[in-house]
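Dear colleague,

I am handing over the structure we spoke about, and I would be grateful if you could look through it alongside the notes below.

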Amino acid sequence: MSKKIIAFAPGKMYILGEYAVVHPGHPSILVSLSQGVFVTIDASATCSMTSSKYRDEKFSFSIINQQHVHIKSNYDFSYVKAAIEIVLEYAAPKVVEPFAIHIESQLDNTLLQKYGFGSSAAILVATITAFSDFLSLSLSKEQLFKLAVMAQLKLSSASSFGDIACSVYQGTVYYVKGHLSLQQPLQLMIESTWDGFVIEQLPSLPCSMLIGYSNVSASSTKLVNQVNQYRNHPLFDEFLSDAVKVVNRAKHAVITNNCKHFLLSIDEYRTLLLKLQHLTQVSIEIPIIETMISLAHQSNAVAKTSGAGGGDCVIAFASNKNPLEQCRQRWEINQIEVIDYSVSITKEEVNE
């Protein structure tokens, strides 16, 4: 009998909390996008994998001892592989029948450049969702988040996991990374309480926003690692302390629907990032980003980098759409790509 599963996970934008959020106890605010990653799994005679990124070319893979995935491809399917393997480990000793998996991402441009919208996290979340459904596992959002974190840890430990939280819980998300102990078997890890982790769904942002792409791809992991070399500096401690205050003020502005105070928080956090840039000499605002933010200010909007900077995207905010339309025009005159992505809202907000 054929069995077809389709799962979706959205991309994300960091609004506030960059660089601080990788340190346990430091908050961030993110929003999920209506665009993301679709993963389709079909029962099949043999195991195969296709991706829109690689022109739907078919690659064979095998599951060894119901534990490990071996893909016959030179392309990077590491996130798909990690997602499948973590579900295999969690579902053991369930026997897995052959299946075909297809990945389609809406989070790259036509040149297959990543915008910095958390496509890796979305791939993890969508693949785990699809494969667990294929195996008739019923995962809560908390279980899905934890499995995606464990899959991420197979690849890199240098993550806040905030993008995963946003892809799982969606909407506007207030996120704090906690402390993680990896001493237990996976099944116990998923069912145990993770100390210090906070994931709260907030109302929609109180202001309008516009996203522009710098046309420069950046590695958040590389930039964060460079900045963290200064983590023992007194001024870095000051940055972390100030970041908590600004993000929590922004959270209160979101909850109370206070656009004025929210815009002030955006400006304040940008100032903190510039201080961090001065301390570490890491180029968070490269020249094109400085230009984009300046053009936003000329349009009576406020703006900052989203994520680690060094490229990727700038978000402009305003109390209404008029300044953002002026910003759009200024960006486009300067050959800056405006990305027409919409922010997703939660089912709870739809029902209000």
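What follows is a short account of the overall fold and then of some salt bridges.

Please keep in mind that this is a predicted model. The secondary structure of the protein chain amounts to 11 helices and 12 strands, and its C-alpha trace spans about 60 × 45 × 45 Å along the principal axes. The radius of gyration is 20 Å, which agrees with the value near 20 Å that a compact globule of 352 residues would have. Buried residues make up 55% of the chain, and of the contacts with a separation of 6 or more, 72% are between residues 24 or more positions apart.

As to charge, the chain carries 27 positive and 31 negative side chains, with the centres of the two sets 2 Å apart, and the structure holds 9 salt bridges.

One of these joins Lys81 and Glu85 at 2.9 Å, N to O; because the two residues are 4 apart in helix H1 (residues 78-91), about one helical turn separates them. Lys81 is partly exposed, at 30% relative accessible area, whereas Glu85, at 8%, counts as buried.

Another salt bridge pairs Glu200 with Lys251, their closest N and O atoms being 2.9 Å apart, and this pair links distant parts of the chain, since Glu200 lies in strand E8 and Lys251 in helix H7, 51 residues apart.

Finally, Asp340 forms a salt bridge with Arg328 at 2.7 Å between the closest N and O atoms. Asp340 lies in the loop between strand E12 and helix H11 and Arg328 in helix H10, so the pair ties together parts 12 residues apart in sequence. Salt bridges with shared partners join Glu325, Arg328, Glu332 and Asp340 into one network.

How values were computed
Residues numbered from 1 in each chain as written. Predicted model: local features only at pLDDT ≥ 70, side-chain atom pairs only at ≥ 80, totals over all residues. Heavy atoms only, no water. Rg over C-alpha atoms; globule rule 2.2 N^0.38 Å. Buried < 20%, exposed > 50% of the residue type's maximum accessible area, 1.4 Å probe, protein only. Contact = heavy atoms within 4.5 Å. Lys, Arg positive; Asp, Glu negative; His and termini not counted. Charge placed at Lys NZ, Arg CZ, Asp CG, Glu CD. Salt bridge = Lys/Arg side-chain N within 4 Å of Asp/Glu carboxyl O.
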